Amino acid sequence: MDTKVTTKDIFLVFLKVGTFAFGGVYSMLAFFERELVHKKRWLSHEDFAEGVVIGQLTPGAPIVNTGIFIGYSLKRLKGALTTVIGQVLPSFIIVLVIAYAYIKFKEIALFKAIFKGTGAAVVGLIASVVYSMGRKILRDYKGILFAVIAFICLSVFKLNPIMLIVLSGIAGLIVFRGEKT
Amino acid sequence: MEILKFLWVIFYINLFTIGGGFVMIPLLQREIVDHYHWLTNKEFIDSIAVGQLTPGPLTIMNVFIGYKIFGLWGSIGAAMGTYLPSIIIVTVVSHYYVQFRDSWIVNSGFQGIRPAVIGLLAAVAITLGRESIIDIQTALIAAGSFSIIAFTKIDPTFIIIGAGILGALIY
């Protein structure tokens with residue numbers, strides 16, 4: 001591993017990721033790989049793949065977590081913090097500007113109309129996430145059963161979703177013990 | 001201190017956001033809208049739109065929520081509450097990652113959590129749909145955004161922008 005990587009280098013690369021990587025996780029991961037593995041050669045393809053897996057198995061935004069993993073392997077805690085600040089700073093500033101405008105112009109008809117459109121699109125977006133995750137993950141009756149039970153517990157019985165995530169993890173330990181992913 | 005309560009909510013929600021940024025949505029909806037009434041469902045939907053509009057992860061929507069409720073300090077606090085759990089846990093996990101990745105507890109737990117999360121998201125899509133699909137036009141926008149995102153490789157950011165423009169033209 002290149003030991004001459006400085007915190008500033010890390011910051012600049014992740015700032016670039018945070019500024020130009022829009023939307024989808026996969027486009028961002030491709031961007032990461034091109035910058036860090038192929039161009040800068042800070043880590044091997046295998047290390048990067050580990051980082052992607054860790055990012056998905058830990059709480060929070062997977063892409064941020066993959067960044068933390070990479071930053072930590074380069075420069076320990078300082079590197080980890082740097083990747084988060086670099087990745088988050090551009091969108092943080094943009095969000096502040098939008099939030100300011102949102103509160104200020106909320107009552108203007110044009111603003112209301114725009115958010116009426118985006119609101120409907122958000123519902124379609126969440127539905128498409130359900131669809132694409134479902135196609136990938138719900139492969140047998142056990143998985144489908146987990147999904148249906150969670151759905152009913154939230155929409156009919158209004159149980160706490162955090163509790164449902166914890167319970168489904170525990171149920172997973174019992175039901176899927178010894179199975180390979 | 002209402003803002004401390006808010007920071008704590010953001011912190012523990014992110015601790016349980018396992019399996020992708022979207023998992024946060026049912027949890028946030030429950031706490032921020034249903035429980036504490038800090039936002040209406042409508043404002044919550046707008047927060048998701050803003051989170052998706054900006055580059056970077058969807059979780060940045062917490063910053064919008066923080067600003068909306070508590071101003072600048074709310075937004076800074078929300079950013080810390082959002083990313084602190086990640087920093088702590090990933091740093092620890094990075095240290096032991098091979099054991100962690102291969103552990104049966106992690107793997108079987110995830111096999112239960114992943115499908116359950118789909119059920120939770122489906123439920124919240126219905127709740128939010130009741131709020132924002134109010135006529136034929138919004139129903140068409142929702143159906144259009146679903147089909148484009150589900151069946152093409154077009155970035156959702158552009159869909160949200162397009163839907164905003166459509167909204168401005170129609171209403």
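In helix α1 of chain A, the residues I10(A), V13(A), F14(A), V17(A) and G18(A) are buried, a residue being called buried if 20 or more other C-beta atoms, placed from the backbone, lie within 10 Å of its own. Seen down the axis of α1(A), these buried residues fall within an arc of 140 degrees, so they line one face of the helix; the arc is that of the directions from the helix axis to the C-beta atoms. Helix α1 of chain A covers residues 7-20, and its 14 residues reach 20 Å from the first C-alpha to the last, close to the 20 Å expected at 1.5 Å a residue, where the expected span is 1.5 Å times one less than the number of residues. Helices are DSSP runs of H or I with at least four residues, strands are runs of E with at least two, and both are numbered from the N terminus.

The structure is a predicted model, in which local features need pLDDT of at least 70 and side-chain atom pairs count only at pLDDT 80 or more, while totals for chains, interfaces and linings use all residues. Residues are numbered from 1 along each chain as its sequence is written, and chains are lettered from A and ligands numbered from 1 in the order in which they are written. The model scores ipTM 0.91 and pTM 0.92. For chain B, the average pLDDT, the predictor's confidence in each residue from 0 to 100, is 93, and 100% of the residues score at least 70.

Chain B has 8 helices and 0 strands, and its C-alpha trace spans about 55 × 40 × 25 Å along the principal axes. Of the 171 residues in chain B, 57% are buried.

Between the chains, 89 residues of chain A are in contact with 88 residues of chain B, contact meaning that the C-beta atoms of two residues, placed from the backbone, lie within 7 Å. The side of chain A that touches chain B divides into 60 nonpolar, 25 polar and 4 charged residues, with Ala, Val, Leu, Ile, Met, Phe, Trp, Tyr, Cys and Pro counted as nonpolar, Asp, Glu, Lys and Arg as charged, and the others, Gly among them, as polar.

Conventions:
Buried ≥ 20, exposed ≤ 12 C-beta atoms within 10 Å, placed from the backbone.
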